[in-house]
Amino acid sequence: MEYKLKEVTMISLGQKAEILKVIAHPVRIKILEELVKGVKCVSDIEEFLEIRQPNISQHLILLRHAGIVDFYMDGRLRCYFLVNPFIPDLLELLKKDYSGPLPGPACCPVTKKGVYPGKRRRQGGKAVWSK
């Protein structure tokens, strides 16, 4: 049986937002991290996640309906694989470690005046800048 993949086109901003909503669960992220490595059957996923098959199937259905993964049947086994090219890049981004927040601006980018005074905090209901 030959499997034909749908042609992947540019992913719109709205589609990217929907993908982010769908994958915004630790179990789904772990499933996708494994599928980046290659095809996995539900029993493989059950083994490395150590959660029950019905729960895994629910997550896979959501990922499939969103066009992120698909499957083929191998006898009685459902073998899942990634189809959305956006996912490996997104997962790489999620793996990055960041050392701290971005630095504040040196001045206003429009007027080129003013100086970023430091952290902003509230004091008596008013915004107060501190260094």
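## A walk around the helices

Start by selecting α2 and α3: α2 passes α3 in a right-handed crossing (the near helix is turned clockwise from the far one by less than a right angle). Helices here are DSSP runs of H or I, at least four residues, numbered from the N terminus. You're looking at a predicted model, where local features need pLDDT of at least 70, side-chain atom pairs count only at pLDDT 80 or more, and totals for chains, interfaces and linings use all residues. Residues are numbered from 1 along each chain as its sequence is written, and side-chain values use heavy atoms, with hydrogens and water left out.

Now show side chains. V27, K30, I31 and E34 of α2 make the contact with I45, F48 and L49 of α3 (contact means heavy atoms within 4.5 Å). By class, that's 5 nonpolar, no polar and 2 charged residues.

Next, select α1, residues 13–23, and pick out its buried residues, I19, V22 and I23 (buried is under 20% relative accessible area with a 1.4 Å probe, protein chains only; exposed is over 50%). They sit on the same side of α1, because they cover an arc of only 85° around the axis (taken from the directions from the helix axis to the C-beta atoms).

Last stop: keep α1 and α5. α1 passes α5 in a right-handed crossing, and K16, I19, L20 and I23 of α1 meet F86, I87 and L90 of α5.

Methods: Helices (H or I, at least four residues) and strands (E, at least two) are DSSP runs, numbered from the N terminus. Ala, Val, Leu, Ile, Met, Phe, Trp, Tyr, Cys and Pro count as nonpolar, Asp, Glu, Lys and Arg as charged, and the others, Gly among them, as polar.
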